[in-house]
Amino acid sequence: MMAGSTLLTRLLLVGAGLLLTDTVNINTLDNQLPGETYQAESHMPFLCSSPPPLAAFTASSVHAVRPADVSALYWLSTSLSSRDVTSKIFRRVAELLSMFNPAVVTGNVEFPSQPWSLQQEAEKLSLFLSDQVSGWKLVLLFVSTRQTCACSTHVDPIEREVEGALQILQEQLHQTLLHVVVFSSNQQKDNSMCTRPENTKLCEATRLQKMQYSLSNVLARAKWHHNVTAVLQPIPLILEDTSDLEEMSSKLAVQLWTNMLQTTSTPSEDVTIPCPTQDRPFLRTQLNSPKGNSRAIWQTDPDMGTKIPCKDCHPSPTPPNSVHELRPADVKVVAAVGDSLTAGNGVGADNLLLVINEYRGLSWSIGGDENITTVTTLPNILREFNPSLTGFSQGIGKQDSPAAFLNQAVAGAKSGDMVEQVRTLVDMMKNDTRIDFHNDWKVITMFIGGNDLCDFCTDTVIFSPRNVAERIRRALDILHHEVPRALVNLVELLNIIPLRDLHKDNSLGCPTWFVRIVCPCVLKPKDGSFELRKMKEFSRAYQHAMRQLVDSGRYDTHDNFTVVLQPFFREVFLPTLPDGRPDRSYFSPDCFHLSQRGHTLMARALWNNMLEPVGNKTSTQDFMAGNDLKCPSEAAPFLRTAVNSNYTFPGPPPTPAPVTNWGSDFSCLNTGPSDSAPTSAHKVRPADIKVVAALGDSVTAGFGAKAKNLLQLRTEYRGVSWSIGGDKNLETVTTLANILRKFNPDLKGASKGQGKKRSGFNMSASGAKVSGIPGQVRRLIDMMKNDTTVDFANDWKLVTLFIGGNDLCQFCNDRASLSPQNYTHHLMTSLDMLYKEFPRTIVNILEILQLEGLRRIKRDSLGCNMIQPLACPCFLLPGEDSLEFAEAKRINREVQIETEKVAYGGRYDDREDFAVVVQPFFKNTIIPLNADGRPDVTYFTEDCFHFSERGHAEMAVAMWNNMLEPVGKKQTYNNFPSGRDGIKCPTEEHPYIFTKINSVHVPVWLIAVLTISGLLLGWALTWLILSCRGKRNNRRMTTATTAVQMKASVF
């Protein structure tokens, strides 16, 4: 079985004497030291309480069935094509159920060569279970939505099919609990049943919700009795596109299991397996489900009007000829392009199914329903200045409905759709008799980019900030070229990250599963993850790219057209309730799109931005603060533009000066050594290091690091090697050794120049594998002992080891000798030698990188096309979906795990002056990207395999920063590029290089408590000893007195 199943199976080994627990979190990496994961799993407290013997009780009602009562588990499915996946999920659930009854019988209907209907399967299963199985039965019915059209909510055929099957099961089975599971797979991209090409994520999410709603009605109509009932899983199972089907199956099984119990746990990103509790021990039914009242009820606001405080609402005496003299009352036409926020999805919805509706008449920038007293939109505000305004949308409908008019926004649209929307809009304005195209002043609002951000993680090239800005530029260029008398509002991208907070509080009842479909790249990343940090960077970069586009001045070439950036969404502060929770009333029922209350604030914020001078516009949106409408003044009666704001365009940013070196700036102040030479490896400051050494392969040897052509590729530029190079100084060459020289200028061992003549203690050899490291260690021991400049016994040494790349790149050619087991053996042998013979030493082991990323490094050159595949055939030659590539990735991860196990298994902990530390910044390798979102080849040398000098510099900074991070909290991904100021500094609180031992932080208050407790314990023990001694003396005195008295009586 694959990794996902193995993990689940390992966790489900049960025996006697198990502990009762509500939830066991098995994401051990968050709490365990690296390398201890497997050990922690093998000693983990068992998951759930051992059930009483089956004969101890028998459930008398289907609403009182415990997991241990289930004697048989079977499943049915509406879809033949998805049965492979559902069978995997079913097997995982069976493993979970076997915790409580190891003898549980599992299976499903044996399918004939010709597909059966669901009713036929239900009939066959009913006959089998009635004849063959006694006791309580649990049946899972998977209802797949793959055969329905994405944008169709027509689910009647499936509803009837499921209802018929449930009726058969209800009539023919006894002692049976049915769990109905809506199941969706994104694997099927095309569907001949769909008559329209639409297949947006919002449609997909709504379709699933429609299925949930329909099936809940089916179950509600059925008449169940005390020993047969059915319950609908509250959240669909959604199989996302994934290369690891086993792991995804396990996660979905845990989700299904969680919702089968009475517990109120919510499935999370971590693998969390809940257990029945003493007060909620049963499998969930509609009758015994917890009736919590914490779920928020969405309510529409009855009055979303706005009072217009403006006194002067008159137009210009004569129609202005310049956009910079445009008053609000001069505007005759409004128009808008964008995505679902402009289309008005869910604005007036009071349930999740209605979010698919486009309430265009309520849309913030273009809606025209009713008037400003009840509906606040930009057109309704402008109509107070010019009642003859036209172009606004009304009612509910798509962009091609007549009432949509000049609202050409399309739900799900991205920046790449703007050109099409703009062309449609221009054609409509030219051909509509209500518009004097050449003379009417127009306000056009463009708001786009949210869906690009929602999908950026799927393709960082397509959705790179530069490419998104380029697509927006093309659309604006069309407006600039073809539309006269127009002011275009380009609304800066909404900072969408705060919306994540709505989905962190379960009490709000937000449909997180729904939004994960609609906007996966924003909601899926875990807090603190690299993915979340990257998303924040992209969001800021989108905003910055839009500012640069407008600030270029390209749209201010004549007086009858301009583009103004409206930045009110740059920073967003979510509204909160009195108890501090996010206020859901500003959002539609999906907790993603905005409600009418939210659109009201957007309209006010946009209007106010339009009246604020360029360069001094409000760039924050605080939902709680509210927005009182601003008015034109006598001094500034016009809609503000760059010209009438006296704003000077900064123009394009200056071209940066060419990089002449890859040095780093150094700002650390605390650079002194310890007062006296430390005796413990856990008290070593950077300045205490006297000697550096390195072991490894061609990377540490500096192979081709400064090569400019193929002839120079074979040269070993050891002076710029990331871990031990000593060329020049830190300001021009960034290496770990040059960083350490800032703390100790007399550092020994650094390698310099080219070749091996001045290698110092750089023992690395190009082409080396882990089997060659013991030999490198032996040479290092001999060389260092014989070096008269080194005090071998007393100098503190830092030895850096980076190995494994060649083992992984060649393992498919020699699986026996290059196995992870042999890797472990040779690594342990090398460390044993260092541990035995090296005093006062810290060993840095750089964890091997994930080599699969090399497949993305491409350059149109002979070296990249010919040499790269030869350098690493086992990772670069197999097909993307091949078993060989899957095996290569698995071996890669195993080597990483084995490295941590060897280092942190306790084998090297008995000596106070020796420590082994794994530096994991390559554990989750991130390929650095350029401004276009493509892999940045400047980090790699001519063969697109080895690192260039720039790559070595970034490795050095990442290694140094890892050394200053505690074990268990080290950054596990590379942060390329870090810039010249990326070097961290030791702190006063922790001036030492981190090891496993000194990473254990004991708070001051705990030390005080332990001290006082120790004193109290000491006093108590002292009192106890003295008390016992006193009693013993008293007994002796009493005995002696009695003896004297007896003697006296005898005489």
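The legends below describe close-up views of a predicted model. Residues are numbered from 1 along each chain as its sequence is written. Local features need pLDDT of at least 70, side-chain atom pairs count only at pLDDT 80 or more, and totals for chains, interfaces and linings use all residues, while side-chain values use heavy atoms, with hydrogens and water left out.

**View A. An aromatic cluster is formed by W722, F802, F921, F922, F940 and F947.** The structure holds 23 aromatic pairs (rings of Phe, Tyr and Trp, the last by its six-membered ring, with centres within 6.5 Å; planes under 30 degrees apart count as stacked, over 60 as edge-to-face and the rest as tilted). F921 and F922 make a tilted pair, 4.7 Å centre to centre with 45° between the planes. Both F921 and F922 are buried (under 20% relative accessible area; exposed is over 50% and partly exposed in between, with a 1.4 Å probe and protein chains only). F940 and F947 make a stacked pair, with 5.4 Å centre to centre and 20° between the planes. F940 counts as buried because its relative accessibility is 7%; F947 is buried as well, with a relative accessible area of 8%.

**View B. Arginines lie over the faces of F392 and F405.** R383 is placed over the face of F392, 4.5 Å from the ring centre. R434 is placed over the face of F405, at 3.9 Å from the ring centre. A charge sits over a ring if NZ of Lys or CZ of Arg is within 6 Å of the ring centre and within 35 degrees of the ring normal.

**View C. An open parallel sheet has the strand order β9-β10-β11-β12.** Strands are DSSP runs of E, at least two residues long, and helices are runs of H or I of at least four, numbered from the N terminus; two strands pair if DSSP finds at least two bridges between them. The sheet has 4 strands, and its edge strands, β9 (331-338) and β12 (561-566), each pair on one side only. From one strand to the next the twist averages 20°. Strand β11 (residues 486-491) is joined to β12 by 6 bridges, and the two run parallel. A486 stands opposite F561 in β12.

**View D. Helices α10 and α12 pack against each other.** Helix α10 covers residues 418-431 and helix α12 residues 465-482; they pack at about 15°, with axes 8 Å apart. Axes are lines fitted to C-alpha atoms, for helices over the stretch in contact, and angles run from 0 to 180 degrees between N-to-C directions. α10 and α12 are therefore roughly parallel (under 35 degrees; over 145 is roughly antiparallel, 65 to 115 roughly perpendicular and the rest oblique). The crossing of α10 past α12 is right-handed (the near helix is turned clockwise from the far one by less than a right angle; anticlockwise is left-handed).
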